[in-house]
Amino acid sequence: MATNNDKLVLNAIFNPNTPLTEEEFKANDDGADVETPVTELPVNVRRAIDIEMAGVKCAEHGAVADALAHFNSAVEAAPEWPSGYNNRAQCYRLMSDNENALNDLEMAVKLSHGRGKAARQAYVQRGLVYLLNNDPERAKEEFTCAARLGSDFAKNQLVVMNPYAALCNEMLGEMIGKCVRGER
């Protein structure tokens, strides 16, 4: 069974961009991920959330144009709500419209003040767009921001993009394989 210290060491190895101690982690936690109950949100935001859900259902069924119309309505209903921009950006990505996706993701980061779930999602999506645009350095910057906000996906992307980590993982895999096979 791993102790808390063991977990912190492993976290430092596998997630070098995250805080090293529980105290540092707590000091970096601004509470931005604490969700406000829907009933306490402004009426226009609640309406936007309902519209977004309809848009997500359309997108899940392949009706991307209909989904985009819903997300446009959600952004219009609550232009201060970053989630609508994130969802519309995802729709733009599905339509291969990376320019509009990046514009919406920039707005999501701005409205969320770079904190919380909306920012984390926007940073991940921007990282993916930059990868699609063959810009791995900018993608790495975005994934680093998302990783600092707790995105496991972004942390994994950073490991995959790190050639040293890939080499270490390959060597570790070989060593474990030899141990399993009883080789030296």
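Colleague: How many helices and strands does the chain have?

Modeller: The chain has 10 helices and 0 strands, where helices (H or I, at least four residues) and strands (E, at least two) are DSSP runs numbered from the N terminus. This is a predicted model, in which local features need pLDDT of at least 70, side-chain atom pairs count only at pLDDT 80 or more, and totals for chains, interfaces and linings use all residues. Residues are numbered from 1 along each chain as its sequence is written, and side-chain values use heavy atoms, with hydrogens and water left out.

Colleague: Happy with that! Why is D104 called buried?

Modeller: D104, in helix α6 (residues 98-112), has 6% relative accessibility, so D104 counts as buried; the term means under 20% relative accessible area, with exposed over 50% and partly exposed in between (1.4 Å probe, protein chains only).

Colleague: And what makes the link between D104 and R88 a polar contact?

Modeller: Their side chains are joined at 2.5 Å. A polar contact is a pair of N or O atoms within 3.5 Å; within protein, one must be able to donate a hydrogen and the other to accept it, and residues adjacent in sequence count only if both atoms are side-chain atoms.

Colleague: Good. Why is N87 called buried?

Modeller: N87 lies in helix α5 (residues 82-94) and has a relative accessible area of 17%, so N87 is buried.

Colleague: Which residues is N87 in contact with?

Modeller: Leaving aside neighbours within four places in sequence, N87 is in contact (heavy atoms within 4.5 Å) with E52, V56 and F71.
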